[in-house]
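Student: I've got a new model to look through. Could you walk me through it with some questions and answers?

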Amino acid sequence: MNSIHDMGGMDGFGPLVLDQDDACFHDEWERRAFAMTLAMGATKQWNLDQARAARESLPMLRYLQAGYYGIWFEALEKLLQDRGLLQPQANAVALGLNQLAPQDVKQTLLRGAPTEREGRTSPVFKPGDAVMVRAMNPPTHTRCPRYLRGKQGMIDRCHGFHVFPDRHAVSGEEAPQALYTVVFKGRDLWGDDGSADLVSADLWESYLVPLC
Amino acid sequence: MGSTQTHQHDERPLSDIEIRVKALESLLVEKGYVHPETLERLIQTYEHEVGPHYGAKVVARAWTDESFAQHLRDDATEAVASMGYRGRQGEHLVAVENTPEQHNLVVCTLCSCYPWPVLGLPPAWYKSSAFRSQAVIRPREVLRSFGLDLPESTHIRVWDSTAEIRYLVIPMRPTGTEDWSLEALAGLVHRDAMIGTALVRT
């Protein structure tokens with residue numbers, strides 16, 4: 001969806017404010033919101049792409065005002081509500097929901113959630129191929145940033161097949177596709193107005209069309 | 001919502017967000033979705049265990065051990081896992097090496113993707129709208145706000161983490177450190193150098 005989370009290349013957010021300290025949390029509620037989000041994520045009531053979609057679909061003014069963990073928290077409330085998990089009769093026993101046990105935290109984090117899958121076909125593109133990012137504006141979740149759509153780039157590397165977030169966020173299907181690092185010349189993205197020599201992004205095959 | 005009545009360590013009234021977070025936590029525990037000790041362990045892990053000191057060890061080793069550096073180039077996920085660092089938000093790692101010709105800068109324009117197993121949780125500026133919006137278009141100016149003024153002859157490549165690939169910048173080793181120990185080298189490597197907003201200096 002074309003909302004404010006997709007901010008690559010925008011101006012107007014003011015100067016960069018650098019941290020005075022290295023703390024990853026500044027308030028106790030941020031710690032709690034972070035931990036609740038991870039703990040609920042581990043119960044598999046939604047996937048990571050659905051969580052991202054929930055964050056991005058917050059009203060844009062809320063998104064900008066809530067702060068990072070505020071966004072996480074609002075999305076967590078929304079995910080819980082949308083799935084009926086906060087209804088009076090809902091509870092872990094009734095739903096057969098397995099909570100993340102304290103003794104399993106370490107292994108769960110070390111395992112992570114790899115997104116690479118066996119490919120059923122071969123990647124269409126190879127390193128060095130010229131491609132163009134498709135014109136696309138889905139109203140649902142996508143990881144194709146607006147500043148790259150319609151731009152020409154070159155395949156730098158193929159990362160194998162990965163869960164396709166656009167589908168995963170909507171239906172929960174993994175629908176894996178080839179994933180590529182695509183490299184763009186700064187000039188092709190920004191004309192004379194940027195200072196990046198090269199910009200690369202990781203893009204799924206269906207975002208790309210061949211350029212001959 | 002009894003949790004809002006719990007004691008506080010200061011006289012300040014709870015803000016709206018504090019009340020909502022406390023209320024939700026009580027509800028999630030009561031419903032059996034989350035275990036209170038699990039929350040403590042998650043916070044402990046990322047606040048006090050995992051952090052950029054892990055990444056610094058990876059960099060120091062890459063500087064001193066060419067076969068490890070090659071392993072990092074070939075398969076950073078596996079190379080880093082061989083040092084015990086792996087998992088959530090670092091399932092697929094790529095290491096990008098700075099050279100005199102090319103400086104690398106990592107950003108996530110769409111959210112705040114960051115290689116947790118080697119750097120921990122991102123600093124506030126990495127998550128800020130100003131950084132996310134500007135890094136891909138005006139990286140030279142962004143780097144200047146970090147006090148880093150690169151020569152025009154050094155090209156800047158920006159890596160936008162739009163998928164589940166996470167990037168670790170391998171900064172250039174400072175000259176004059178040839179006989180330094182691994183520990184001393186790792187001590188030089190600050191978090192920002194592994195994101196690309198700083199160089200490593202002695």
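Here is our chat about the model, starting with how to read it.

Tutor: It's a predicted model, where local features need pLDDT of at least 70, side-chain atom pairs count only at pLDDT 80 or more, and totals for chains, interfaces and linings use all residues. Residues are numbered from 1 along each chain as its sequence is written, while chains are lettered from A and ligands numbered from 1 in the order in which they are written.

Student: How far apart do the C-alpha centres of the two domains of chain B lie?

Tutor: Domain bounds come from an automatic or database domain assignment, which gives domain 1 (12-48) and domain 2 (50-195). Their C-alpha centres lie apart by 32 Å.

Student: On to chain A: how many strands are there?

Tutor: Helices (H or I, at least four residues) and strands (E, at least two) are DSSP runs, numbered from the N terminus. The order of elements in chain A is α-α-α-α-α-α-β-β-β-α-β-α-β-β. That makes 8 helices, and the strands number 6.

Student: Which residue is the bridge partner of A:Phe184 in S5(A)?

Tutor: Strands pair if DSSP finds at least two bridges between them. S4(A) (residues 177-185) pairs antiparallel with S3(A) (residues 152-162) over 6 bridges, and A:Cys158 has A:Tyr180 as its bridge partner there. S4(A) also pairs antiparallel with S5(A) (residues 198-204), over 7 bridges. In S5(A), the partner of A:Phe184 is A:Val199.

Student: How many of the 9 residues of S4(A) are buried?

Tutor: Buried means 20 or more other C-beta atoms within 10 Å of a residue's own, exposed means 12 or fewer, and partly exposed is in between, with C-beta atoms placed from the backbone. Across the 212 residues of chain A, 40% are buried. S4(A) is mostly covered, and its buried count is 7.

Student: What covers the buried residues of H2(A)?

Tutor: H2(A) (residues 48-56) has 8 of its 9 residues buried, among them A:Arg52 and A:Arg55. The cover includes H1 (28-41), H4 (68-82) and H7 (165-171) of chain A.

Definitions and conventions:
Two residues are in contact if their C-beta atoms, placed from the backbone, lie within 7 Å.
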